[in-house]
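Thanks for coming. I have one structure to go through today, so let me put it on the screen.

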Amino acid sequence: MPPLDRAVYVEVNKALEAFGGKWQRKIGGHVFTSDPRAQIQTLCGEGQIEIADDNFFETLRVTIDLLLDRADLPQKSFTALEPSAGNGAIADQLRARGGAVSCFEINRPRRERLIAKGYKVLGNDFMEAKPKPRFDRIVMNPPFSKGRDVAHVLRAFEWLVPGGRLVAVMSASVKFRKDSVYADFRAWLKLLGGTMEDLPAGSFKESGTEVNAVVITVNKGIADETL
């Protein structure tokens, strides 16, 4: 088979990555975390695919374990939300620990994957949904670009019940940027007694980015309903 034209290759690679494929040089092909055949058949039949600008980078298991440790999950059953669930890496571990997990996911192939796994998908775009305090725990890895991590975390906090806890991965820029969005966020986190800790450098290297990140942990008290 002759090699693909460069422009065609770029489009094919973009589609395969949207289905969760990662190029592996050693084998000369893409490796998938779940079966992509249904999505590929849809693409071949319709000739197009939805690719959302969602700044998606898979959360690795070592980071998920840290997030769940900080989440201090209840021993009894609990409700949990993952607002940008991707392929369900965080949701899978929340469910394995007894959580009744709900999700949002903006990317259609990944959303369909979550539904196939049996998750309750509340919608596509998390930021367009009206918050309802209903979750004991929220564990999240939101998109970082253009300050979206700050916006997503603040919105997610509104979904927590009093006494609930939110744990999120965020860009390390939240620690030092001086513009009002970040300064106001740091003040909000301090007011609520939240914490911020660095993730090890390269925590998302295997997912395709060298971005530095932090983990924030914040609880919601009864008085915080009005904040």
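This is a predicted model: local features need pLDDT of at least 70, side-chain atom pairs count only at pLDDT 80 or more; totals for chains, interfaces and linings use all residues.

The protein chain has 227 residues, and 44% of them count as buried. Its secondary structure amounts to seven helices and nine strands. As for contacts between residues at least 6 apart in sequence, 65% of them link residues at least 24 apart.

Now please look at strand 7, residues 160-171. How many of its 12 residues are buried? The count is 10, which leaves the strand mostly covered.

Strand 7 has two pairings to show you. One is with strand 6, residues 135-140: these two run parallel and are joined by five bridges. The other is with strand 9, residues 213-219, and here the pairing is antiparallel, over seven bridges.

Helix 6 spans residues 148-157, and together with strand 6 and strand 7 it forms a β-α-β unit, which is right-handed.

Asp 149 sits in helix 6. Asp 149 is buried, and it has no salt bridge. Which side chain of opposite charge is nearest to Asp 149? That is Arg 148, at 7.9 Å. What the side chain of Asp 149 does have is a polar atom 2.9 Å from the backbone nitrogen of Ser 171. If we set aside neighbours within four places in sequence, the contacts of Asp 149 are Pro 142, Pro 143, Phe 144, Met 170 and Ser 171.

What does the side chain of Asp 198 make a polar contact with? The partner is the side chain of Lys 175, at 2.8 Å. Not counting residues up to four places away in sequence, Asp 198 touches Lys 175, and also Ala 213 and Val 214.

One distance ties this region back to the earlier one. Met 170, which is among the contacts of Asp 149, lies 28 residues from Asp 198 in sequence, and the two are 9.6 Å apart in space, C-alpha to C-alpha.

To recap the two aspartates: Asp 149 is buried without a salt bridge, and Asp 198 has its side-chain polar contact with Lys 175. That is what I had; I will take questions.

Technical notes
Residues are numbered from 1 along each chain as its sequence is written. Side-chain values use heavy atoms; hydrogens and water are left out. Buried means under 20% relative accessible area, exposed over 50%, partly exposed in between (1.4 Å probe, protein chains only). Helices (H or I, at least four residues) and strands (E, at least two) are DSSP runs, numbered from the N terminus. Two strands pair if DSSP finds at least two bridges between them. A crossover is right-handed if, with the strands pointing away from the viewer, the path from the first strand over the helix to the second runs clockwise. Lys and Arg count as positive and Asp and Glu as negative; His and the chain ends are not counted. A salt bridge is a side-chain nitrogen of Lys or Arg within 4 Å of a carboxyl oxygen of Asp or Glu. A polar contact is a pair of N or O atoms within 3.5 Å; within protein, one must be able to donate a hydrogen and the other to accept it, and residues adjacent in sequence count only if both atoms are side-chain atoms. Contact means heavy atoms within 4.5 Å.
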